[in-house]
Amino acid sequence: MMPSLLPDNPSIGRPAARGLGLVAALALAAAPAVAQAQSRQPGIIRDAEIETLLRDYTRPVFRAAGLTQQNIQIVLVGSDSFNAFVADGRRIFINTGALKQAKTPNEIIGVLAHETGHIAGGHLANMRQQLESVQTAAIVGMLLAVGGIAAGASTGASLGGAPAAALIAPQEIARRTLLSYQRGQEASADRAAVTYLNATKQSARGMLTTFERFQNDQIFLSQRVDPYVLSHPMATERIALLSELAHKSPYFNATDPPALQARHDMMRAKLVGFTQQPESVSRVYPPSNTSLPARYARAISAYRFGSIPDALRQIDALIAEQPNNPYFYEIKGQALLEAGRAREAVPPLRRAVALSNGHPLIRMLLGQALVATDDKSTAEEAVRELNFSLQREPDSPGGWRYLAMAYGRKGDIPNADLASAQSAFLGGDFRLARELATRAKNGFKLGSPGWLKADDIVNFKPPPERRKKPPGP
């Protein structure tokens with residue numbers, strides 16, 4: 001895993017379903033769109049700079065919602081559509097497209113506040129209960145319809161098309177009941193979001209901007225779509241309700257602090273530089289634009305698609321302007337590492353680690369660079385950096401793989417086998433993980449921490465559906 005905007009899954013698509021809400025309900029309300037999105041498999045994006053900014057956005061909102069102890073994660077999804085959703089009670093998913101399109105921090109903060117309202121309201125658990133009742137209602141309705149068919153057959157009565165309608169009607173009623181329930185949840189999350197924003201002295205203007213965007217998307221649909229089969233309230237209705245709440249707030253005209261707006265602009269520039277082709281980057285940030293975000297985007301684009309010497313020249317100019325910005329050093333280190341210049345990448349990455357207060361993703365990148373130097377003298381430092389980062393980011397198969405290489409360079413074979421087993425385990429190859437962990441156990445003292453970790457992997461029983469065909473490493 002690489003920290004700066006490299007997806008865990010490189011196949012990044014654009015989910016067709018748009019809007020803010022519950023992924024469980026999306027699956028029911030827009031099944032074709034979800035199937036399309038699943039087939040495209042949008043990737044999960046990791047980036048220290050963006051994740052730090054989003055944590056700063058959500059920290060006061062979570063505090064207002066009473067969720068500071070919940071350890072809620074913000075997960076970046078590599079998709080250009082404007083969307084955010086919750087799939088459980090501990091993660092908010094937000095598309096990179098939403099971050100690129102939102103012009104102010106307040107727009108994103110409003111989106112995150114809305115999703116926080118879903119978590120604080122326990123909507124996922126309530127939705128599961130509602131699903132159970134809907135399924136029961138549909139089953140009962142179908143049984144009654146089948147009973148009607150049987151009665152007609154036994155009496156010889158001609159029911160014509162009635163049995164088919166009887167079969168469909170209960171399911172349609174159940175679906176509409178469920179969607180009506182979810183619309184109520186969306187309205188509840190909107191109200192909760194405004195409450196959180198008021199408590200943190202922030203404006204709900206950004207939420208209005210977001211829903212106005214949805215309204216534009218729906219303008220050609222609203223005349224022919226039945227609002228009762230939508231999982232979310234129609235945009236016009238939603239804007240009217242939200243506008244009333246927002247304008248009552250004494251903070252409606254509050255604006256984002258300039259420093260926060262500057263960080264938001266840098267985030268958008270970074271995403272454009274990483275995710276768009278050079279021609280597109282030049283249209284968004286033409287050479288005539290000499291702002292810091294514009295130069296940031298062009299430097300990243302040069303590193304991704306141009307020449308490394310030109311990219312390094314642009315990055316060094318950014319560092320000269322902001323010598324204490326850790327993410328400029330991170331980009332420089334990553335550019336050098338990917339260019340096969342691992343030794344040169346180590347100093348800027350060490351500086352990035354120091355300036356970022358030891359961000360685990362940057363420390364993982366430093367550990368990778370140290371391994372890539374192919375120098376035994378750096379193996380101990382690589383082990384230290386990778387172990388530290390994996391304590392905080394334990395779900396990274398790539399991190400464990402590089403740790404295995406670092407241990408191997410030190411000649412510590414049991415720990416190398418154990419780290420390789422962890423990598424295979426996280427990648428879903430349980431057979432290989434068990435073989436490596438078994439070998440690691442033989443090198444550890446009975447009952448030692450390493451022996452116990454290896455024993456856990458050896459004795460892990462994967463779910464039956466995953467035992468049949470474990471994925472490759």
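Strands β5 and β6 (residues 91-95) pair in the antiparallel sense over three bridges, where pairing needs at least two bridges found by DSSP. This is a predicted model, in which local features need pLDDT of at least 70, side-chain atom pairs count only at pLDDT 80 or more, and totals for chains, interfaces and linings use all residues. Residues are numbered from 1 along each chain as its sequence is written, and side-chain values use heavy atoms, with hydrogens and water left out.

**The hairpin**

Helices (H or I, at least four residues) and strands (E, at least two) are DSSP runs, numbered from the N terminus. Four residues lie between β5 and β6, and the two strands form a hairpin. Within this pairing, V86 stands opposite I92 of β6. In a regular strand the side chains alternate between the two faces of the sheet. Strand β5 (residues 83-86) is covered on both faces: N83 and F85 are buried on one side, A84 and V86 on the other. Buried means under 20% relative accessible area, with a 1.4 Å probe and protein chains only.

| Residue | Place | Relative accessibility |

Which residues does L112 contact, leaving aside its neighbours within four places in sequence? They are L54, Y57, T58, I74, I92 and I94, where contact means heavy atoms within 4.5 Å. L112 and V61 are 51 residues apart in sequence, while their C-alpha atoms are 8.3 Å apart in space. With the neighbours within four places again set aside, T378 is in contact with L370 and T373.

**A pair of helices**

Two packed helices are described by the angle between their axes and the distance between the axes. Helix α16 (residues 360-372) packs with helix α17 (residues 379-392) at an angle of about 150°, and their axes are 8 Å apart. That makes α16 roughly antiparallel to α17, a label for angles over 145 degrees. The axes are lines fitted to C-alpha atoms over the stretch in contact, and angles run from 0 to 180 degrees between N-to-C directions.

Residues of α16 in the contact include P360, M364 and L370, and those of α17 include A382, F388 and R392. The residues of this contact divide into nine nonpolar, three polar and four charged. Here Ala, Val, Leu, Ile, Met, Phe, Trp, Tyr, Cys and Pro count as nonpolar, Asp, Glu, Lys and Arg as charged, and the others, Gly among them, as polar.

Key: Angles under 35 degrees count as roughly parallel, over 145 as roughly antiparallel, 65 to 115 as roughly perpendicular and the rest as oblique. Buried means under 20% relative accessible area, exposed over 50%, partly exposed in between (1.4 Å probe, protein chains only).
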